[in-house]
Amino acid sequence: MATPKEMLEQIAAIAKSLSMTQKILGVVVIAVVVGGLISLTSTGKETSYKVLFSGLNQEDAGEVLTKLKDQRIPYKLSADGGAILVPASQVYEVRLTLAGDGLPRGGGVGFEIFNQTNFGQTDFVQRLNYQRALQGELARTIRNFQQVVEARVHIATPKESVFIEDEKPPTASISVKLRGREKLNQHEIQSIVNLVASAVPGLATDNITLVDTTGRLLYRKQADGEGVLTGNQLEYQVKIEDTLRQKVETMLEEVVGVNRARARVTAEIDFNKVERTEESFDPEGQVVRSEQMLMEGQGGGASPEGIPGVKGELATFAGEGGEGISAAGGSRNNVTRNYEISKQTKHTQEKGGSVKKLSIAVMVDGSYEKSVDKDGKTSLKYQPRSSEEMAHLDKLVKNAIGYNEERGDQVEVASLPFALSSVPEPEEDAMEKYRVIAEWLTMPLVYLLVAVMVLLFIVKPFMKILASRPMETRTGGAVPRLGGHGAAIGGIAAEEEDLSLAPRGLTDQERIYRLAQSDPDRAADLVRRWLREEA
């Protein structure tokens with residue numbers, strides 16, 4: 001094995017024997033390899049940073065940076081200043097530490113304002129702090145919506161009055177800043193309004209106003225006038241119309257073709273709420289509710305002779321006829337019955353949203369015959385659909401929308417030529433699919449071709465040069481002296497060649513024979529040199 005000194009001598013000899021182009025190419029390759037290794041090494045040692053918090057407002061970002069500086073934690077800011085980055089190994093630890101300090105607060109103050117008790121505060125200050133805390137907590141909750149970047153809540157609480165007629169309800173205003181071009185749908189708007197209304201005692205949804213930072217009014221008190229549709233009602237009506245339209249179009253497209261049927265639906269919706277209470281009595285269904293019976297009776301017996309304390313003719317008359325009255329007797333029965341007539345009470349509450357009337361218009365494209373004129377131009381001639389086919393389509397449409405003649409629904413199906421259908425469709429190119437495949441394979445083939453050219457014209461010649469030069473270096477750049485041929489080339493004495501393929505102690509003829517067998521090209525090169533020397 002060659003020593004380090006010999007290896008350096010061989011490398012120096014190779015460098016000297018290279019041409020200027022080869023030297024430049026070698027330097028470039030070495031520089032690229034060394035630069036790649038240095039970049040990989042430096043990248044591996046560089047500290048990796050991850051996002052700690054993003055989208056913070058200025059107040060929270062300032063407090064977080066102050067805490068990081070106090071704890072001597074390295075950090076970076078993003079290009080736009082909207083994110084704070086810390087070393088990846090400390091992200092979760094720093095988050096937990098800052099959370100223990102109540103950071104980030106999310107803008108404004110919350111109920112942490114009561115963590116520090118001040119005995120000198122008046123009742124007015126306490127009420128004001130509670131209102132500030134409530135506004136801050138509601139703003140933080142609203143900011144958790146995906147579309148909301150910032151939110152502010154303002155609550156106006158009127159002064160309490162001892163008179164009921166002078167009481168005024170509280171009101172609230174909400175301002176939100178949306179993320180990019182995102183919007184809040186009707187359900188999300190209603191959720192925010194109900195959230196604030198439920199958190200403030202006595203606050204109704206009608207007394208809440210919701211706006212965004214661009215000045216758009218997202219929610220306000222609904223109008224009470226008749227004939228004015230609210231946002232939810234309009235959305236409900238549009239949803240019914242779109243559903244019926246899609247039903248009709250998708251069904252007809254299965255018959256007449258894609259994009260060859262168009263439908264438009266107008267729905268009249270009854271949003272009135274009706275409450276009805278009915279009471280009906282059945283005179284035939286009588287039931288005894290209560291019954292009371294009273295029985296009175298009198299019996300005969302011996303009556304006294306005359307009337308006590310009466311004198312004269314009245315006493316004589318009573319004494320003469322007393323026998324008949326005493327013998328007389330009687331009885332009386334009294335029955336009282338109370339009847340209950342069966343009664344049925346029915347309470348019906350009908351919610352609004354029922355369909356009062358449907359009007360639908362459907363356009364169906366006809367068929368087209370392709371014709372070629374004398375000049376070779378292709379044209380399409382429109383052919384309307386038959387009346388029998390249109391009758392079937394009309395029946396299908398009626399069944400799809402739930403047609404009700406008593407309700408006054410109207411359906412009109414017409415066969416009309418579409419504007420786009422009159423243009424002849426371009427003929428499909430048979431090579432189109434192969435062209436797509438060729439475009440898909442073009443870039444990989446280009447990359448492969450470049451790689452092959454680099455290997456053939458750059459790497460292979462360079463490797464060939466590196467493989468051929470060490471052999472010439474071992475010869476010392478001179479012709480060995482064999483059998484008395486010891487002339488030096490270029491004025492430099494040639495050293496005796498060391499044949500590594502044969503052991504030492506062999507004769508010159510044996511060494512030449514071994515060299516010719518192991519390396520014919522080299523042996524021929526020696527013979528040519530000898531001949532040139534003798535000449």
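A salt bridge here is a side-chain nitrogen of Lys or Arg within 4 Å of a carboxyl oxygen of Asp or Glu. This is a predicted model, where local features need pLDDT of at least 70 and side-chain atom pairs count only at pLDDT 80 or more, while totals for chains, interfaces and linings use all residues. Residues are numbered from 1 along each chain as its sequence is written, and side-chain values use heavy atoms, with hydrogens and water left out.

Start by selecting Asp409 and Arg407: their side chains form a salt bridge, 2.6 Å from N to O. Buried or exposed, what is Asp409? It's buried, at 5% relative accessible area, whereas Arg407 is partly exposed at 25% (buried is under 20%, exposed over 50%, partly exposed in between, with a 1.4 Å probe and protein chains only).

Next, pick Arg260 and Asp365, a salt bridge of 3.9 Å, N to O. Asp365 is buried, at 0%, and Arg260 is partly exposed, at 25%.

Now go to Arg264 and Glu249, which meet at 3.6 Å, N to O. Arg264 is exposed at 53%; Glu249 is buried at 12%. The whole structure has 12 salt bridges.

Last stop: show Lys398 and Tyr403. Lys398 lies over the face of the Tyr403 ring, 4.8 Å from its centre (this needs NZ of Lys or CZ of Arg within 6 Å of the ring centre and within 35 degrees of the ring normal).
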